[in-house]
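This report goes through a set of chains and the contacts between them.

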Amino acid sequence: MAMDDIQVKDGVDAETVEAVKALSGTYKYGWNTEIEMEYAPKGLSEDIVRLISSKNDEPEWMLDWRLAAYRRWLELIEPDWAMVDYPTIDFQDQYYYARPKSMEEKPKSLDEVDPKLLETYKKLGIPLKEQALLAGVEAPEGERRVAVDAVFDSVSVGTTFKAELRKAGVIFCSISEAIREHPELVRKYLGSVVPVSDNYYATLNSAVFSDGSFVYIPPGVRCPMELSTYFRINAENTGQFERTLIIADKDSYVSYLEGCTAPQRDVAQLHAAVVELVLLDDAEIKYSTVQNWFPGDENGKGGIYNFVTKRADCRGDRSKVMWTQVETGSAVTWKYPSCVLRGDDSQGEFYSIAIANNMQQADTGTKMVHLGKNTKSRIVSKGISAGKAQNTYRGLVSMHPKAKNSRNYTQCDSLLIGDKCGAHTVPYIEVKNNSSRVEHEATTSKVDDDQLFYCRSRGMDEEEAVALVVNGFCKEVLQALPMEFAMEAQALVAISLEGSVG
Amino acid sequence: MLNIKNLHVKLEEEDKQILKGVNLFLEPGKVHAIMGPNGSGKSTLSYVLSGKGGYEVTDGSAQLEGVDILDMEAEERAAAGLFLAFQYPVEIPGVGNMTFLRTAVNAQRKLRGEEEMSAGEFLKVVRAKAKDLKIDADMLKRPVNVGFSGGEKKRNEILQMAMLEPKMCILDETDSGLDVDAMKLVAQGVNALRDDKRTFLVITHYQRLLDHIKPDVVHIMANGRIIKTGGPELALEVENNGYADLLEEVA
Amino acid sequence: MAVSSQKTSSTRALTDSELTDSSGAWAREARMTASKRAQAAGLPQRRDEYWKYTRPDAFVQADVTLQASLRTSLGLFDRRTTVSVGFGDGKIQAAALPSAVHCTLESLASASVLDLHWARDVYGRLEAAGQKPVERSLAAVNTAIAREGLLLNVTGAVEAPIHIHATSSGHSDAIIHHVIKVAEGAAVTLIETGQYGARSNIVLEVDVADGGRFHHIRVQDGNERHMLTHIFGKIGAEATFKSFTLTSGVELTRNECVLQLLGDNASVSVAGACLGDRDFHHDDTVFITHDAVNCESRQVFKKVLRNGAVGVFQGKILVKAGAQRTDGYQISQSLLLDDDSQFLAKPELEIYADDVACSHGSTSGAIDEQALFYLRSRGVPEAKAVDLLTLSFVAEAIEEIEDEDLAQDILDHLTETLSAR
């Protein structure tokens, strides 16, 4: 393990200052790759659903599934309970399908991937190591390995390390490929965690999802590398509807990384992803996200609308899931990665940093639904509000009557920077048996003046000092991230707060 | 007074045997000490005798004055005259120390079919006993053990012992966390309660408490059994040589 | 949504003439506007987020019968010298209300026939202010139709507590509206015990001027079937507001408390302890708005539940922009004595100022086995030990009562209630 990696854990704060210096400037990832796009017409209808299905060469059952979702969606009403305020979305004024033209014929290998795409990854800041992976260069012996399934807008363009994964029996491919190649798995599990009619955005996603990732870890297998998807929205006015399905069979383990960036633009963009995790007996999944989509400019113009449904179903005994998220981007975030703790002795963890600056609005949190005996959950949420942003933690801890001897611990802290922003906490606690113990703590405070003064008296400017103190505030969550992400996340924390002081 | 025969105890939740055949015979009016390394089962013995949940007696018996106590509820054992001074006394916010003591004294009297102590008499007695242990009026008023220092908690345990006047007193690591002055005060309190009928079982890791509470008999416990029994000199031997030699001796 | 006649009020359909019948000018105006508020808001529905954990229908259903008396708080504060106000079946009993130095006591029934009255500045005004952001239409209904209540005008430091004791004899609805005005630097303690009716809808409006002090202690242990209470408070600078409620009877209670801190350096505390058994459903809903600098608010709620009882806490602290140096504390805890009981909580913070220290904590669990064993090892029988630990559990809420004597009375009453069950 390299020295850098060790320091990420121990010296988070010191490096942040470096990161702030190195990454100054406005939105780093605000550019637009010039790749020819192929669009379906704007708007949503049964025909569009059929088109998406046929473009992906889907079997009949999949089309039927989509159409059922579409018809259900027509009956639903867009929810308005979150503390977010945005102009009414005209769902008929969105593109529901777009893909780079050069992808019409799928590449047989990475060599055939459009060089511009590879260039894209470079700009995105995908670490050199991973670029090498993308370029097909074998990593030195003993190096940590990451397999990347890159989703460029709607179509998966390349996966690496497929052979090695195949050797382990791991399936890691695009969901459209999985629908064709592994229909038995997809039919069994798709929609089994997030039902088609779960909520407005999930139902929409079920009808029109264009692509996404699929992972299957067979019984007893520890996935030999971290799996990673980088995706970004890259076409103007294109709704992005990712669908991810991860199945961890008995006694298996996988760590999955998801990172997002998006180019700058001035028309709000809609995103409604669905992520389903299935865990059988003794399985473990770590799912980490760094979300850095374009948040809009200082006036809130042009940012991404991000309505995500993420849920893990710990249906096996002793299964364990850990959600870690760093949410710094998007104009509007509506996202509650949840755990259904169905199996006895199963565990769910949620670690979150949500930063809202300028005009950003974030309404995020988690649900821990305890159904099985001796189940445990832990929630650590750190919300930071700056500028004129509104940041809400919304969560549910539910102990069902049969979830005997279960435990929950929730720590939910909010930090305010400046007097124009808001920090809100809306937890729901429902306890229906007495052998379970629920503990919830929440605090809201401003950045500590003494800490800031101390940093400044040691020569830091105010912005550096704030970044340092905020990184300290978030430390518990940053440490829960895999190393690949910890560095990037720290940098993001600092970048996201630019212009919030002074 | 207390007769423990072949006591075998395991944890209720897991398959872990803690006591593996403990035999002890404590005569009235005597002070027995049990010493032993950490994890030898000393505290478990005190918990099992006083009726704490989470343990399962798989074999053996324990009789207090000829009566089997292992099937009794904790409060019945207390009424029968058994008292455990805890290593870590629990804090009970909102319940005044006096209220607690009076409830306990009268509950025991009631269980024994005796008359309750009147408020006036109780106050008189508790004040006198508290004074001996340097427990001031404020400590009596405060909630049970809440905000008490380590020494205050232990003195409070001894005050309870003095008020409840048990026949069989078990002191579990009463010296832990105490400085020399506090330990002397606690020992004085214990010694004041010594008479020819009351029996003490003093559980301790170190010999130093036994300088102040002189034992008649010293037992060494290891790995769930009493491995050696002797006079006060045995404690000194442990103090000088540690437990290692003894453990080797029996191994 | 219009209020249909079938569910217009807890009792009967309303007409404009009924509303204003025999009312003087000030009351007529207040009732008419309240009626409009109620009509505009409509009655609470089961799907309303604000009624997530308590079904509102029980408060508007037609048939309610009084159960046999179980226990009563009668005599609870007899040890104290109080100025006693009796309510019988929803009416103030004595023809002449008692008098006390530094305050006047009047009944709403007699004051409302006048054309001018000091209560005009408070009656329905604080309730109206408390309709945002969440509508509380049952309180507006109360303002519109309440015929009785105590009007208390406090002009100085009133020494003895004012004690409302209510009795009721049978099947009746009580719709009561109290108004209390505490002048600058004045102080009063209000005690409420007993039961107003088989089903009660009680509104208490309290206007505490700068430097005023209002203390409120309430015991809900009668055999009322359903009880809905609203406190609407407006708190001035340097003023103090404290309200404590002990609930051990009443099948269904919802106590709402809506406070607006409008002056700097004010301090408020809303606390409650409840003992719930069987069909008991108890809901504390608190909404505190900080709209001034350097104010402190505390919410302390403890619920002990068994045999399927349900405890609900919805508490919110709203810190408006500019309400700097706010100190907000909120704790809600439940002790579940068996597996059938439920605790449902939604402790909320909504904060728009940065220089604040706000926190909330919430826990739920069974009795502490370590503490139980400790007590039993001292000879305390299990049932008694559970009672002691119950007292220990609720102590933090009772400590919110400033007057030590009254706190002791509550504690004694609680001890008796526990040992009686």
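Which residues of H4(A) are buried? In this predicted model, they are Trp65(A), Arg66(A), Ala69(A), Tyr70(A) and Trp73(A). Viewed down the helix axis, these buried residues of H4(A) lie within an arc of 135°, and therefore line one face of the helix. They pack against helix H3 (46-55) and helix H10 (200-208) of chain A. The other side of H4(A) carries the exposed residues Glu60(A), Trp61(A), Asp64(A), Leu74(A) and Glu75(A). Helix H4(A) covers residues 60-75, and at 1.5 Å a residue its 16 residues should span 22 Å; the end C-alpha atoms are 23 Å apart, which agrees.

**Chain A as a whole**

Chain A contains 13 helices and 24 strands. It has 502 residues, of which 57% count as buried. Of the contacts in chain A between residues at least 6 apart in sequence, 84% join residues at least 24 apart.

Gln347(A) belongs to strand S17 (residues 347-356) of chain A. This residue counts as buried because it has 21 C-beta neighbours inside 10 Å, the cut-off for burial being 20 or more. Leaving aside residues up to four places away in sequence, Gln347(A) touches Lys320(A), Thr375(A), Lys376(A) and Ser377(A).

**A buried strand in chain B**

Is strand S3 of chain B enclosed or open? Strand S3(B) spans residues 31-35, and five of its five residues are buried, so the strand is largely enclosed by the rest of the structure. Val31(B), Ala33(B) and Met35(B) point one way from S3(B), while His32(B) and Ile34(B) point the other way; all are buried.

S3(B) pairs in the parallel sense with strand S10 (residues 199-204) of chain B, over five bridges. Within this pairing, Met35(B) has Thr204(B) of S10(B) as its bridge partner. S3(B) also pairs in the parallel sense with strand S11 (residues 217-222) of chain B, over four bridges. There, Ala33(B) stands opposite Val218(B) of S11(B).

**Contacts between chains**

The table sets out two interfaces.

| Contact | Residues taken from each chain | Make-up of one side |
|---|---|---|
| A with C | 29 residues from chain A, 32 residues from chain C | chain A side: 11 nonpolar, 11 polar, seven charged |
| C with B | 18 residues from chain C, 24 residues from chain B | chain C side: eight nonpolar, four polar, six charged |

Which elements of chain A supply at least two residues each of the side that touches chain C? They include strand S22 (407-417), strand S23 (422-431) and strand S24 (437-446).

On the side of chain C that touches chain B, helices supply residues. Helix H6 (369-377) and helix H7 (382-398) of chain C each give at least two residues.

Conventions
Residues are numbered from 1 along each chain as its sequence is written. Chains are lettered from A and ligands numbered from 1 in the order in which they are written. This is a predicted model: local features need pLDDT of at least 70, side-chain atom pairs count only at pLDDT 80 or more; totals for chains, interfaces and linings use all residues. Two residues are in contact if their C-beta atoms, placed from the backbone, lie within 7 Å. Ala, Val, Leu, Ile, Met, Phe, Trp, Tyr, Cys and Pro count as nonpolar, Asp, Glu, Lys and Arg as charged, and the others, Gly among them, as polar. A residue is buried if 20 or more other C-beta atoms lie within 10 Å of its own, exposed if 12 or fewer, and partly exposed in between; C-beta atoms are placed from the backbone. Two strands pair if DSSP finds at least two bridges between them. The expected span of a helix is 1.5 Å times one less than its number of residues. The arc is that of the directions from the helix axis to the C-beta atoms.
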